[in-house]
Amino acid sequence: MLEIEKEIQTTIRCIIDKRLMAMKAGETSNNNEDFLGILLESNTKEIEQHGNKDFGMTTTEVIKECKLFYFAGQDTTSVLLVWTMILLCLHPEWQVRAREEVLNVFENEKPHFEGLSRLKIVTMILYETLRLFPPLPTFGRTNKEEVKLGELNLPAGVILIVPAILVHYNKELWGEDAKEFKPERFSEGVSKATNGQVSFIPFGWGPRICIGQNFAMMEAKMAIAMILQKFTFKLSPSYTHAPVEVVTIHPQYDAPLLMCKL
């Protein structure tokens, strides 16, 4: 593990060093078109503005940001897509409804931003998938100041673990069918489905809510729409349902699917 971490650190550091050298040489035309370029450009401007490196991020902090964005932006979305396809296999009637909606909106054309906002059934399915299989089943928060939480008085610096998956499966919040796949819960949106309570938290909540949640939903809609346009799919007989937490929730024995081209 230490060797792998060292290799990752070295690889990313080399990429950063090359970008910084290119920026110093005035080669900015192609360097600020991705996340790393935007981050480095912003960091450089902040340091120049204050005339002090203490106001900017260190290379180590930039590396951490790169790793976080890669992990948070790719692994979470990929597991959402996997569980969505599994659930659509287990509930083929919803796969049919979702495909009809996608074809009605886009026909066989490439999905576009305006059309994605009209995918009501697909959105309901994605929300219900996020409820049943939140990418991060638990997440932590640390209170900076002393706070009273119900009957508890918490001193500053306490690490609070929020069990999102337990909240999502709570029958008092979601009803006796809390463990069942029912996208119709979200037919009138999240606020109506939760009765205004903070009971749907796949992206966290509050001031630290996931900055990429809107992009993640758009990305997932785009991918599912393109898959539904081209394929019907069902689970292979070899599939074994065994969700397991490996930071995010994965199918322990993978998700073999039988894809049939339309």
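**Reading the labels**

Helix H3 gives the largest share of the lining of the largest pocket, nine residues. This is a predicted model, where local features need pLDDT of at least 70 and side-chain atom pairs count only at pLDDT 80 or more, while totals for chains, interfaces and linings use all residues. Residues are numbered from 1 along each chain as its sequence is written, and side-chain values use heavy atoms, with hydrogens and water left out.

Q: What makes the largest pocket a pocket, and which residues are the closest to its centre?
A: On a 1 Å grid over the protein atoms alone, a pocket is an open set of points with protein on both sides within 12 Å along at least five of seven lines, whereas in a cavity a 1.4 Å probe fits but cannot get out. Here the space is about 1000 Å³, a volume being the space filled by probe spheres set on points joined across faces, edges and corners. The lining counts 30 residues, and Leu-68, Ala-72, Leu-136, Cys-210 and Ile-211 are the closest to the centre; a lining residue has an atom within 4 Å of a point.

Q: Which elements give two or more residues to that lining?
A: Helix H3 (59–90), strand S1 (139–142) and H10 do. Helices (H or I, at least four residues) and strands (E, at least two) are DSSP runs, numbered from the N terminus.

Q: Why is Cys-210 called partly exposed?
A: Its relative accessible area is 32%. Cys-210 sits in the loop between helix H9 (190–193) and helix H10 (213–230). The unreviewed UniProt entry annotates Cys-210 as "binding site"; such positions are given in the numbering used here, feature names are shortened, and annotations may be inferred rather than shown by experiment.

Q: How do you know whether Ser-236 is buried or exposed?
A: Its relative accessible area is 15%, so Ser-236 is buried. Ser-236 lies in the loop between strand S5 (231–235) and strand S6 (243–246). Leaving out residues up to four places away in sequence, Ser-236 touches Pro-256, Leu-257 and Leu-258, a contact being heavy atoms within 4.5 Å.

Q: What makes Tyr-127 and Phe-186 an aromatic pair, and why is the pair called tilted?
A: The structure holds five aromatic pairs. Tyr-127 and Phe-186 are 5.5 Å centre to centre, with 50° between the planes. Rings of Phe, Tyr and Trp (its six-membered ring) pair if their centres lie within 6.5 Å; planes under 30 degrees apart count as stacked, over 60 as edge-to-face and the rest as tilted. So this pair passes on distance and is tilted by angle. Tyr-127 is in helix H6 (residues 120–132) and Phe-186 in the loop between helix H8 (171–174) and H9, so the pair ties together parts 59 residues apart in sequence.

Q: Why does Phe-186 count as buried?
A: Phe-186 has 3% relative accessibility, so it counts as buried.

Q: How do you know that Arg-131 lies over the face of Trp-174?
A: Arg-131 is at 5.1 Å from the ring centre. A charge sits over a ring if NZ of Lys or CZ of Arg is within 6 Å of the ring centre and within 35 degrees of the ring normal. Arg-97 likewise lies over the face of Trp-94, at 4.2 Å.

Technical notes: Buried means under 20% relative accessible area, exposed over 50%, partly exposed in between (1.4 Å probe, protein chains only).
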